[in-house]
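Here's a quick briefing on surface charge and ring contacts. Have a look at the model first, then skim the notes below.

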Amino acid sequence: MVEFPFTLPHDFLSSAGHVSQTKGYHWVASVVSGVVVCITVYKLTGIISLLCFKGYGKLSNAQKVEWNNRGFSTFHALVVAFVSLYLLLLSDTFDENSRGDLIVTRTSTLSDTLLGFSIGYFLSDLGMILWHFPALGGLEYVLHHGLSMFSIILALISGQAQFYILMVLFSESTTPFVNLRWYLDIACQKDSNLYIYNGVALFLGWLVARILLFIFFFSHMFIHFDQVKKVFPLGFYSLLVVPPVLATMNLYWFWKISKGLIRTLSKARHSQ
């Protein structure tokens with residue numbers, strides 16, 4: 001059994017006040033499943049790409065690694081976006097009118113599973129980033145993944161602030177557009193209409209999921225600050241520090257996306 005320096009929800013505990021073996025096994029299984037899925041999708045991406053895309057075989061080894069890596073990052077993004085959206089909007093787990101307990105202490109088996117799955121993804125992706133550093137991303141990606149894993153782990157083992165973590169995970173919904181942009185670029189399709197349409201979708205998606213959503217995130221925290229203050233100390237201060245750092249990174253990347261879109265649209269206009 002494991003003891004933690006903060007209060008855990010009752011259903012996480014055995015009669016002795018420790019984390020139950022069932023809950024511990026569930027956490028570990030969720031994380032391992034995330035890693036296994038990433039490895040599987042990585043390999044399948046390579047196999048399918050070799051069969052369906054003529055240009056894949058001409059890529060360098062480094063490009064193939066990134067191509068396959070973006071395959072499992074896209075898969076993870078789609079899974080967490082849909083499940084987060086379901087939990088936040090369709091499920092009654094985080095419906096403020098459906099239950100009497102604090103929204104910052106609400107959890108479910110599905111939310112725990114999703115957080116564990118995401119930890120497995122971030123472990124896999126961070127491992128590849130560090131192994132191939134800096135080919136798959138620089139220090140900003142290491143910082144992003146490190147902060148994300150830290151926050152998700154705290155939310156998982158404490159059962160607190162999962163509502164806010166799910167909002168941040170939903171912002172991963174922009175990842176497929178980022179990856180498609182890279183795929184089109186590497187396939188020499190920067191002059192195609194699909195590249196332009198994807199750029200517009202990326203701009204709009206980023207605006208909604210990583211700018212406007214974070215404004216709602218901070219507004220919700222402010223309105224419910226009486227509940228936020230009841231989160232255990234490390235989790236409370238993490239909520240005050242980590243989201244603003246991620247929001248700043250999102251603003252920086254949004255500025256670069258905006259510049260790229262303006263450049264692409266200008267080029268397309270001049271070529272007509």
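Helix α9 (residues 233-271) gives the positive patch its largest share, three residues. This is a predicted model, so local features need pLDDT of at least 70 and side-chain atom pairs pLDDT 80 or more, while totals for chains, interfaces and linings use all residues. Residues are numbered from 1 along each chain as its sequence is written, and side-chain values use heavy atoms, leaving out hydrogens and water.

**Positive patch**
- Arg181, Lys190, Lys256, Lys259 and Arg263 gather on the surface as a patch of positive charge (residues with over 30% relative accessible area and no salt bridge, like charges joined within 9 Å; a salt bridge puts a Lys or Arg side-chain nitrogen within 4 Å of an Asp or Glu carboxyl oxygen).
- Lys190 sits in the loop between α6 (175-186) and α7 (193-223).
- With a relative accessible area of 39%, Lys190 is partly exposed (buried is under 20%, exposed over 50%, partly exposed in between, using a 1.4 Å probe and protein chains only).

**Aromatic pairs**
- The count comes to 20 aromatic pairs (ring centres within 6.5 Å; planes under 30 degrees apart are stacked, over 60 edge-to-face, the rest tilted).
- Phe94 and Phe163 make a tilted pair, 5.8 Å centre to centre with 45° between the planes.
- Phe94 is in the loop between α2 (61-90) and α3 (109-131) and Phe163 in helix α5 (residues 162-170), so this pair ties together parts 69 residues apart in sequence.
- Phe94 is buried at 3% relative accessible area, and Phe163 is buried at 6%.

**Aromatic cluster**
- Phe94, Phe163, Tyr164, Phe214, Phe217 and Phe218 form one aromatic cluster.

Note on methods. Patch = residues over 30% accessible without salt bridge, like charges linked within 9 Å, V, L, I, M, F, W, Y side chains within 5 Å. Areas by Shrake-Rupley, 256 points an atom, 1.4 Å probe, with all protein chains shown as cover. Lys, Arg positive; Asp, Glu negative; His and termini not counted. Charge placed at Lys NZ, Arg CZ, Asp CG, Glu CD. Helix = DSSP H or I, 4+ residues; strand = E, 2+ residues; numbered from the N terminus. Phe/Tyr/Trp six-rings, centres within 6.5 Å; stacked < 30°, edge-to-face > 60°.
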